[in-house]
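Biologist: I'd like to learn how to read the pockets and sheets of a model like this one. Can you take me through it?

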Amino acid sequence: MKKLALTLLGLVMISCNKSKQYSYPKTKKIPVADNYFDTEVIDNYRWLEDDNSEETKEWVVNQNETTFSYLDKIPLREELRNRLEQLWDYEKVTAPFKEGDFIYYYKNNGLQNQYVLYRKKQGAEEELFLDPNTFAKDGTTSLSGLSFSKNGNLLAYSISEGGSDWRKVIVINAIDKKIIGDTLVNIKFSGIQWKLNEGFYYSSYEKPEGSELSEMTDQHKLYYHKLGTPQSDDILVFGGTSEQKHRYVGASITEDGKYLFISASKTTSGNISFLKNISISNSPLLSVDSDYNTDSYLLDSHGDKLFIVTNSEAPNQKVVTVNVKNPEE
């Protein structure tokens, strides 16, 4: 570790000594004025927010050429890379979890870009189940989440392509690992919550007409996807109206699969919540917590009683019980 620290120190010193003499590509200024509360603010680089323009692409290419022409000449860079590889090159195994008849766990042989999902039955041989390293030849597609159905026989997993926040969700039969139905697309900032073994809930925004990387998305919606149906038939459960305009919407389901707990927020802190009995058709959406100044989420359930974690009048959080027939604290 001492040698590594000295190597890093040398790298920093080289960087500091040379940066004073280094010249970067010119970045043009195109002033754009905005007025906020009677104060004019000038933005000289608004043009760079258009990530689809040829000018922005050329700017990125020039910046990369400049950066790597410097980094590639650092004499200690290869030594540092080799030392880090030595430190990281050992097998890693995560804690196991049980789904259906299988025990699942992630493994990395040491230098794999992504962890590989394995499984095994009691007394059986280990089996490779899902390898994200094979999703794309250039390694730019990653596994971003997965969720098993109630009986563990079905799996919905999401992938990210090129580091994008927009996901695709693929559903497979966990027994034979064959894909079921169509791949769901244009899903963003979402979990996957199964309704028993029938289908699942997910969240997303309307796909922007311009760039999916830079256009604003500010109205999150909750959908239900029933297995065997096209995504175009998915049911809008929450959101889509001016009264339900939220930046983030998520959901969780009670262990018995009867109740849907919906959380909606306008910022990263503070949420309101709702409850819906999904075992009854066209059941009403009941308000549980209408205070945006507090945070609350579903912890567990037992029959008609919900256990909810909240920081309402409890800075260090507390657990409260709620009766599903009268969802008040």
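Modeller: One term to begin with: strands here are DSSP runs of E, at least two residues long, numbered from the N terminus. Keep in mind that this is a predicted model. With that naming, strand β15 covers residues 235-238, and three of its residues make up the largest share of the lining of the second largest pocket.

Biologist: Which residues lie nearest the centre of that second largest pocket?

Modeller: Those are Lys195, Tyr201, Ile235, Lys276 and Ile278, out of 13 lining residues. The space in there is about 240 Å³. By class, the lining has seven nonpolar, three polar and three charged residues.

Biologist: And what volume does the largest pocket have?

Modeller: About 380 Å³. It has 18 lining residues, and the closest to its centre are Gln193, Trp194, Ile253, Thr254 and Glu255. Two or more lining residues come from each of β8 (141-148), β12 (193-195), β16 (248-253) and β20 (296-302). Strand β20 gives the largest share, with four residues.

Biologist: How does that lining divide into nonpolar, polar and charged residues?

Modeller: Seven are nonpolar, seven polar and four charged.

Biologist: Now the sheet that β20 belongs to. What is the strand order there?

Modeller: Strands count as paired if DSSP finds at least two bridges between them. Here we get an open sheet of three strands, ordered β20-β21-β22, with antiparallel pairing. The edge positions go to β20 and β22 (318-323); each has a single partner strand, so one side of each has no neighbour in the sheet. Ignoring direction, neighbouring strands are turned by 30 degrees against each other on average.

Biologist: How many bridges join β21 to β22?

Modeller: Six, with β21 spanning residues 305-310 and the two strands running antiparallel. If you want a spot to look at, find Ile308, which stands opposite Val320 in β22.

Biologist: Let's zoom out. How many helices and strands does the chain have?

Modeller: Three helices and 22 strands. Along the principal axes, the C-alpha atoms fill a box of roughly 70 × 70 × 45 Å.

Biologist: What percentage of the residues count as buried?

Modeller: The cut-off is under 20% relative accessible area. On that basis, 34% of the 329 residues are buried.

Notes:
Residues numbered from 1 in each chain as written. Predicted model: local features only at pLDDT ≥ 70, side-chain atom pairs only at ≥ 80, totals over all residues. Heavy atoms only, no water. 1 Å grid on protein atoms, 1.4 Å probe; cavity = no way out; pocket = protein on both sides within 12 Å on 5 of 7 lines; lining within 4 Å. Points joined across faces, edges and corners; volume = space filled by probe spheres on them. Nonpolar A, V, L, I, M, F, W, Y, C, P; charged D, E, K, R; others polar. Axes fitted to C-alpha atoms, helices over the stretch in contact; angles between N-to-C directions. Buried < 20%, exposed > 50% of the residue type's maximum accessible area, 1.4 Å probe, protein only.
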